[in-house]
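Notebook open, model loaded. I'm jotting down what I looked up, one item at a time.

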Amino acid sequence: MMIITFLPYTFSLMASFPGVPFGIFMFSTCAIVIGLIQAVIVAYGFYHPYLLNRQIQVSENQAFYKHHILQIILRGPVLCFLAAIFSFFFIPMSYVLLGLVIFLPHITRLIIWCKNKTVGPKDDEESHRLEALAFYLNEPLSKERVEAFSDGVYAIVATLLILDICEDNVPDSKEVKDKFHDRLTEALSEYGPNFLAYFASFVTTGLLWFVHHSLFLYITKATRFMGLLNTFSLAFIGGLPLAYQLTSEFAEKSHSEVEAIQVSCVITFFASIFQFAIWITALFHERETLHPLARYGGKEHAFMFAKLALYPCVSLGAFFLTCLLSKFSTAIFHIVQIVVPFAFLALRILVRISLAIKSMLSLSRRKNVVLDEEETCLSPAETLS
């Protein structure tokens with residue numbers, strides 16, 4: 001974990017000095033060390049078989065499993081080692097090799113699929129068991145770990161927001177004494193736009209977390225593809241502090257407020273649209289991945305759809321409105337930030353009302369059907385009477 005937390009520093013070096021090999025070399029070295037530590041963990045697990053998966057424990061060919069797992073783990077460090085070597089005389093090749101670390105599992109899967117289509121699948125029982133250890137987008141993923149990682153990212157983003165406002169929006173004591181005659185409230189009034197941007201950014205973060213929590217409350221089983229989409233969403237969630245810094249500078253840099261609002265809308269749109277994509281992915285396999293209440297026809301299906309679609313629609317609409325009505329961009333942005341929290345409450349009320357009307361209509365239809373059945377059962381004399 002210590003080495004993993006050091007990786008962002010190596011990314012910064014690679015971005016700031018793309019022509020210098022030292023950044024790539026440091027990143028590759030960290031990736032090699034991480035891979036070797038994972039290999040040691042695997043070797044330790046096979047040395048103590050009671051720590052292993054039940055399927056591997058009962059297998060008679062544990063050495064085969066060990067070789068296969070180590071082969072998967074060590075592919076990344078080998079490619080990173082080659083990337084570190086190429087960084088000293090051909091940097092573009094280093095980036096290609098680092099990209100292969102990400103795309104090699106998918107390329108391997110494609111090659112196996114093509115081979116099975118042309119030659120035919122293997123009948124070896126052990127090879128079928130090894131499919132559980134390969135990388136598949138529809139393979140189950142620990143829902144608890146996805147939620148824990150997501151909550152950690154949201155917590156860090158919220159912490160960064162409060163750190164930004166504590167660092168840059170505390171007036172100097174000498175300035176308060178000389179300029180405002182010890183009137184702290186007047187000194188703080190100059191930071192009003194910053195506080196407004198902070199609360200708006202924090203509310204956005206909180207509502208996106210609320211949507212994420214509601215989404216995974218009804219997801220019963222996560223897949224790797226859902227985890228990938230969730231990672232993309234969290235990548236844009238991490239950009240919300242940037243949106244806060246841009247919108248807090250409206251008073252100082254009013255000429256660039258349109259660009260700042262558009263960047264904030266883009267960040268919010270992609271953070272929310274990937275959450276919506278997780279929901280759509282879950283609907284394709286709803287019997288396995290969704291709670292019955294959230295499936296097609298369930299009581300919560302309509303509300304979840306509206307809740308997940310709200311932020312993408314609002315942020316996209318605000319983006320185009322600021323393009324068309326640039327003079328009113330600040331007013332549009334603040335109105336959207338005020339309206340969205342109340343929109344969630346309005347959605348809940350509207351969905352409840354529509355469900356109540358639907359249940360009343362279905363109940364009246366049932367009563368009419370029962371009355372028709374009773375009339376058909378009566379004899380002609382009883383009907384006349």
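I started with Leu345: buried or exposed? Leu345 is exposed, at a relative accessible area of 52%; exposed means over 50%, buried under 20%, and partly exposed in between (1.4 Å probe, protein chains only). Leu345 sits in helix H16, residues 329-377. Helices here are DSSP runs of H or I with at least four residues, strands are E runs of at least two, and both are numbered from the N terminus. I also checked Lys307, which is 38 residues from Leu345 in sequence and 9.9 Å away in space, C-alpha to C-alpha.

A note on the basis: this is a predicted model, where local features need pLDDT of at least 70 and side-chain atom pairs 80 or more, while totals for chains, interfaces and linings use all residues. Residues are numbered from 1 along each chain as its sequence is written, and side-chain values use heavy atoms, without hydrogens and water.

Next I looked at H4 (residues 62-86) and H5 (residues 91-118), which pack at about 165 degrees with axes 7 Å apart. Axes are lines fitted to C-alpha atoms over the stretch in contact, and angles run from 0 to 180 degrees between N-to-C directions. H4 and H5 are therefore roughly antiparallel, a label for angles over 145 degrees. The contact (heavy atoms within 4.5 Å) includes Leu79 and Phe86 of H4 and Leu97 and Val101 of H5.

Last, the whole chain: I found 17 helices and two strands. Of its 385 residues, 36% count as buried.

Conventions: Parallel < 35°, antiparallel > 145°, perpendicular 65-115°, else oblique.
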